[in-house]
Amino acid sequence: MNKLAAQLILRPARPAQVATPTPQTAGNATVARHMQSINNDFVIDVVTRIDSVYHFHNLIFYISEKLNLNSPAGSEFFRKFWQQFPLVPRIIVRNNRSSINSNTTIKSLISTPSLVMVFTTHHSDPIMEVASETLKGIRWLKTIFILFPYLSSANYHENFETFTQFSHIFQDVLRWSWTKQFTKTLLLTINDNVYQLNPYPTQHFVNNTEHWMARDFFQNRSCNMMGYVVNTPVFYDMPRVFKGADQRTVYGTSGKLFLGFLDYVNATMHDTSANLTITTFNLPYLLELVGQGVYETLIHSYTDLIGNYSVSFSYPIGINDWCLMVPYRNDSVQELYVREALQDNVWLLLLLTVLYVGFGLWLCSPQRPRDLSAILLQCILSLINSPPTSIVRTRDRRMRYLYLVLTIMGMVASNMYISKMASYFTSPPPVRQLNTLQDVIDANLIIYVQDFEYNALARKRDQYSERFLQQVVVADAMFIQRHRDLLNASFGYFVSSDRWDLIMMLQKHLRVPVFRLTQICSGPFYHVFPMHLDSHLQSPLQNFILISQESGLRHHWKWESFWEALYMRVIHLIILHEQPQPLSMTFLSSMMRTWCMGLVLAGTAFILEMKWHQHVMHAHGHKLP
């Protein structure tokens with residue numbers, strides 16, 4: 001072996017560190033451990049062969065501060081490396097100060113494909129955490145760990161204790177890389193050893209020292225996980241996830257997609273809901289478990305209202321709006337016919353017409369004294385196309401002509417009104433529904449939301465007023481689901497688009513729906529699965545979601561889950577047995593009330609007219625009969 005190549009290329013920064021080995025107690029003896037060297041040429045040869053397959057555009061070096069870059073062997077190593085890759089851009093990182101003080105990130109400086117090389121001494125070496133933090137979001141890059149282990153001897157095969165130490169060191173490094181989701185890794189260490197970690201179906205280490213080829217490294221193994229177990233709790237969350245009668249089979253739109261994905265990658269699911277302290281669906285708590293690394297992902301998808309619950313999320317299943325669902329107002333429209341046909345502006349127009357025409361008749365009347373009550377009566381009769389007999393008794397041609405014009409105008413106005421009413425009665429007037437914040441406030445409707453949904457509302461004070469939030473009540477998910485899925489119209493609920501699709505399926509056959517969607521909406525938001533950042537499930541799940549969308553599987557699963565929920569009596573259809581009912585007298589109640597009011601007004605007008613006539617006759621000295 002070349003002595004220069006066999007030397008430690010990156011030695012400790014101070015010679016004293018070499019002279020002072022790391023003690024390890026073994027029985028009554030103390031065994032000194034030293035940092036062991038690796039073969040420089042072997043490292044360069046491996047990188048060269050891998051580059052011939054993948055053709056890297058960038059090289060990123062993470063070098064432990066325990067290693068010295070200024071040694072002759074280190075200079076020789078980098079000289080050969082730059083000669084082998086003279087045109088490839090490279091980045092060298094020694095500690096977190098190398099990147100934190102810069103406004104740029106590693107991700108913004110590189111282009112794919114790139115190769116990451118981590119020179120380390122142990123899985124607890126500070127450079128490992130530096131690499132983990134600076135490569136966040138791009139840990140799928142191909143990574144080579146170059147390990148300089150602390151051992152009592154380079155001939156670790158001679159002693160069982162030394163061999164055990166060496167095995168633990170390189171295994172800890174590979175386990176750490178998988179914990180941080182470095183999914184494409186390779187480890188090079190002393191004596192030209194090459195190791196890989198295969199996580200499927202369980203973690204095991206592969207020794208490629210004797211026989212290896214560059215194209216065998218960094219293989220995508222996630223297409224066949226060989227029965228890899230994905231742990232996730234399963235709770236009731238209609239229509240996304242729910243269990244069958246046996247409490248084992250999982251249904252729902254998200255459940256079907258998740259199980260289809262596991263079958264796609266040859267993985268299995270383990271329900272851990274029995275191990276949790278919660279017994280009902282609690283989204284913030286479950287997302288917190290994903291953020292802490294307890295679960296890799298969940299079978300429960302969610303609408304990402306805030307975006308800070310989980311570390312990351314999957315490729316979007318869809319795009320959801322988040323809107324307020326309110327009860328449908330099914331009031332009788334009988335009272336609206338006359339009220340809508342004769343609105344306030346119509347009554348005002350009729351009143352102004354009577355005054356205008358009445359003034360014209362009073363001004364043109366040749367009789368003395370002028371009879372104001374007769375003029376007003378003549379005007380009203382002309383407008384309703386009921387001309388009085390005074391027309392034939394009037395000697396003045398001007399008045400006869402004026403009466404004729406008023407009669408024609410009254411006939412046209414009456415026919416227009418009758419035609420409008422006839423067309424109006426052919427279709428009922430629409431009932432005023434709850435559609436705005438003020439409508440909800442006026443109706444004093446109670447709205448149930450979960451705690452994280454209330455926080456999302458409270459953050460938008462410009463959209464949701466304080467008065468509106470007073471009607472919003474926080475409840476647990478089970479309470480809301482029980483009332484919402486059974487179509488309890490006593491309350492309002494905020495729902496996402498996929499939940500509203502289920503409500504529409506439930507009330508599609510009804511003559512009048514139970515709920516309707518208002519224009520009080522937020523969004524759009526991503527509909528996603530929670531997931532680790534850089535998760536090994538990210539890429540295969542994205543591929544499967546795209547396949548399911550393009551092939552129409554999601555639409556099929558939506559209807560399949562709906563019929564399965566009906567069959568298992570998770571949800572219930574409202575069956576109506578209504579028979580056609582004949583119209584009752586109540587249908588004409590508004591007309592009868594209008595007629596009675598007209599009689600009262602006519603009687604009042606007649607009494608007033610008689611009093612006015614008596615006053616006029618008395619004023620002109622005529623005797624009353």
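Student: Quick one to start: which residue is the bridge partner of F145 in β8?

Tutor: That would be L187. Keep in mind that we are looking at a predicted model.

Student: Got it. How many bridges join β6 to β8, and do the two run parallel or antiparallel?

Tutor: There are four bridges, and the strands run parallel. Strand β6 covers residues 142–147, while β8 covers 185–189.

Student: What sheet do they belong to, and in which order do the strands come?

Tutor: They sit in an open sheet of seven strands, ordered β4-β3-β5-β6-β8-β9-β10, with mixed pairing. The edges are β4 (90–93) and β10 (204–207); each has a single partner strand, so one side of each has no neighbour in the sheet. From one strand to the next, the twist averages 20°.

Student: Nice. Which helices pack on that sheet?

Tutor: Helix α3, residues 40–54, is one of them, and it touches β5 (114–120), β6, β8 and β9 (193–198). The direction of α3 makes about 155° with that of β8. Helix α4, residues 72–84, also packs on the sheet, touching β3 (58–63), β4 and β5. For α4, the angle with the direction of β3 is about 170°.

Student: Switching to aromatics. How many aromatic pairs are there?

Tutor: The structure holds 38. Take F61 and F119: their rings are stacked, 6.2 Å centre to centre, with 20° between the planes.

Student: Why does that pair tie together separate parts of the sequence?

Tutor: Because F61 lies in strand β3 and F119 in strand β5, the pair connects parts that are 58 residues apart in sequence.

Student: Are those two buried or exposed?

Tutor: Both F61 and F119 are buried. They also belong to a cluster linked by ring pairs, together with F77, F78, F81, W82, F85 and F148.

Student: What sits over the ring of W82?

Tutor: The charged end of R90 does, 4.1 Å from the ring centre. Elsewhere, K142 lies over the face of Y54, at 4.6 Å from the ring centre.

Student: Back to ring pairs: why is Y493 with F515 called edge-to-face?

Tutor: Their planes are at 65° and their centres 5.9 Å apart, so the pair counts as edge-to-face; the angle cut-off is over 60 degrees. Y493 is in strand β20 (residues 492–496) and F515 in strand β21 (residues 515–528), 22 residues apart.

Student: And how accessible are they?

Tutor: Y493 is buried, with a relative accessible area of 0%. F515 has 1% relative accessibility and counts as buried too.

Student: What about helix α20, why is it described as largely enclosed?

Tutor: Seven of its 10 residues are buried, so the rest of the structure largely encloses α20, which spans 497–506. The buried ones are D498, R499, W500, L502, I503, M505 and L506.

Student: What do those buried residues pack against?

Tutor: Their packing partners are β17 (318–327), α19 (477–485), β20, β21 and α22 (553–567). So β20 and β21 turn up again here, having come up with Y493 and F515.

Student: Last bit, the whole protein. How many helices and strands does it have, and how much is buried?

Tutor: It has 23 helices and 22 strands. Of the 625 residues, 44% are buried. The accessible surface comes to about 33900 Å², and 57% of that belongs to carbon and sulfur atoms. Among contacts with a separation of 6 or more, 77% come from residues 24 or more positions apart.

Conventions:
Residues are numbered from 1 along each chain as its sequence is written. This is a predicted model: local features need pLDDT of at least 70, side-chain atom pairs count only at pLDDT 80 or more; totals for chains, interfaces and linings use all residues. Side-chain values use heavy atoms; hydrogens and water are left out. Two strands pair if DSSP finds at least two bridges between them. Axes are lines fitted to C-alpha atoms, for helices over the stretch in contact, and angles run from 0 to 180 degrees between N-to-C directions. Contact means heavy atoms within 4.5 Å. Rings of Phe, Tyr and Trp (its six-membered ring) pair if their centres lie within 6.5 Å; planes under 30 degrees apart count as stacked, over 60 as edge-to-face and the rest as tilted. Buried means under 20% relative accessible area, exposed over 50%, partly exposed in between (1.4 Å probe, protein chains only). A charge sits over a ring if NZ of Lys or CZ of Arg is within 6 Å of the ring centre and within 35 degrees of the ring normal. Accessible areas come from the Shrake-Rupley method with a 1.4 Å probe; for residues, only the protein chains shown count as cover.
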